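Good morning, and thank you for coming. I would like to take you through one protein model, part by part. Please keep the sequence and the structure in view while I speak.

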Amino acid sequence: MKTTLLIFVLLFFSILSLFVGVADISISDILQWDMDKISIVSLSRIPRTISLILAGIGLSVCGLIMQQMTQNKFVSPTTAGTLEAAKMGLLAGMFLIPASSMLVKGAFAFCFTFLGSLLFLFITGRIRFRNVIFIPLVGLMFGGILNSIATFFAANHNLVQDMNAWMMGDFSGILQGQYELIYVSLPAIIVTYLYANKFAVVGMGRDFSKNLGLNYKAVMNIGVLCVSLTVSTVIITAGSITFLGLVVPNIVSMVYGDNIKKTLPYVALWGAIFLLICDIIGRVIIFPFEIPIGMVVGFIGGILFLLLLLRKK
């Protein structure tokens, strides 16, 4: 599917997202200048749709970059402990500065995500048996350890409920004035595009990169920085969304190939479209109630992940 067509598909589902919800709003209400309906759209529906698009783009691109840096198709924020590291950062922010703002909590989440990603790359770099399935299993175990530590401290300080509320992927509570932090992910996405080919090169190893004149450590740190910044801002805004950064890059690579510079725009567009569709499904499947998008993406993404595992096997 061509890029132009994908953009039109994205616009279609973006507009559809503005008119799906408990409040019955139609295009005629906007054209007739119904101020109550316009307020709902501007204060809730537009911020929600923008957040969905940016989160879909950011997490999908993060998955692609992590797969390039590790040269493993099954590495993503879900299977590398990245989400769990951000969870620890949120817990640290709530414990050390209980009344802190979203920006401060985001800073804690970013620092822990960055350090956790570096630690995961360090661990995988020391593994000799680099089977395509083994590396993500190590990441899942690493994430499980981080999650256990975070849950232990949360339980001892009565923060389990607060922590779980933050980590539940849900865009229903996004309103104007509460989502703008997600725009911080845009510079990271731009840098990711500019460094796309370099991320693919560093994935071939330190010696290979140096032979081509690349600063291996600097490029790896930039990649981890972009991933950490994007993941932390998405989690602060909407919570944890699993499998998105795993399945979208894999499906795109099966259709368009492995040229990262070519596939990056497709990954971004498909990620946004996929997240919009999942959110709309969550809103209509038990209408007027709503299923959190984290559950919808986790269910669909989990099935697709299993199919990818069976296919690779």
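Apart from its neighbours within four places in sequence, Glu 84 touches Gly 143, Leu 146 and Asn 147. Please bear in mind throughout that this is a predicted model.

Where does Glu 84 sit? Glu 84 belongs to helix α4, which covers residues 82–96. Glu 84 is buried and yet has no salt bridge. The nearest side chain of opposite charge belongs to Lys 87, and that side chain is 7.2 Å away. A salt bridge requires the nitrogen and the oxygen to be within 4 Å.

Of the 15 residues of α4, 13 are buried, so the helix is largely enclosed by the rest of the structure.

I turn next to the salt bridges. How many does the structure hold? There are 3 salt bridges in the structure.

One of them pairs Arg 48 with Asp 279, with 2.8 Å between the closest N and O atoms. Arg 48 is in helix α3 whereas Asp 279 is in helix α13, so this pair ties together parts that are 231 residues apart in sequence. Are these two partners buried or exposed? Arg 48 has a relative accessible area of 7%, and therefore it is buried. Asp 279, at 3% relative accessibility, also counts as buried.

Arg 48 takes part in another salt bridge, with the side chain of Glu 290, at 2.4 Å from N to O. Glu 290 lies in the loop between α13 and α14, while Arg 48 lies in helix α3, so here the parts tied together are 242 residues apart in sequence. Glu 290 counts as partly exposed, because its relative accessibility is 31%, and the cut-off for buried is under 20%.

Asp 279 likewise has a further partner: it forms a salt bridge with Arg 283, where the closest N and O atoms are 2.7 Å apart. Both of these residues lie in helix α13, 4 residues apart, which is about one turn of the helix. An α-helix has 3.6 residues a turn, so residues three or four places apart point the same way. Asp 279 and Arg 283 are both buried. Through shared partners, the salt bridges join Arg 48, Asp 279, Arg 283 and Glu 290 into one network.

Helix α13 itself comprises residues 260–284. Its 25 residues should span 36 Å at 1.5 Å a residue, and its end C-alpha atoms are 35 Å apart, which agrees. Because 18 of the 25 residues of α13 are buried, this helix is largely enclosed by the rest of the structure.

Let us now look at the empty spaces. Rolling a probe the size of a water molecule over the atoms shows where empty space is left. The count of cavities of 30 Å³ or more is 3, and the largest cavity has a volume of about 50 Å³. Which residues line the largest cavity? They are Met 66, Met 69, Thr 70, Val 75, Ser 117, Leu 121, Val 224 and Val 227. Helices α3, α5 and α11 each supply at least two residues of this lining, and the largest share, 3 residues, comes from α3.

The largest pocket has a volume of about 550 Å³. It is lined by 19 residues, and those closest to its centre are Leu 121, Gly 125, Arg 206, Tyr 216 and Met 220. Again α3, α5 and α11 each supply at least two residues of the lining of the largest pocket. Here the largest share, 5 residues, comes from α5.

Finally, I would point to Leu 186, in helix α8, which runs over residues 185–194. Leu 186 is partly exposed, with a relative accessible area of 34%.

Thank you for your attention.

Key: Residues numbered from 1 in each chain as written. Predicted model: local features only at pLDDT ≥ 70, side-chain atom pairs only at ≥ 80, totals over all residues. Heavy atoms only, no water. Buried < 20%, exposed > 50% of the residue type's maximum accessible area, 1.4 Å probe, protein only. Lys, Arg positive; Asp, Glu negative; His and termini not counted. Contact = heavy atoms within 4.5 Å. Expected span 1.5 Å × (residues − 1). 1 Å grid on protein atoms, 1.4 Å probe; cavity = no way out; pocket = protein on both sides within 12 Å on 5 of 7 lines; lining within 4 Å. Points joined across faces, edges and corners; volume = space filled by probe spheres on them.
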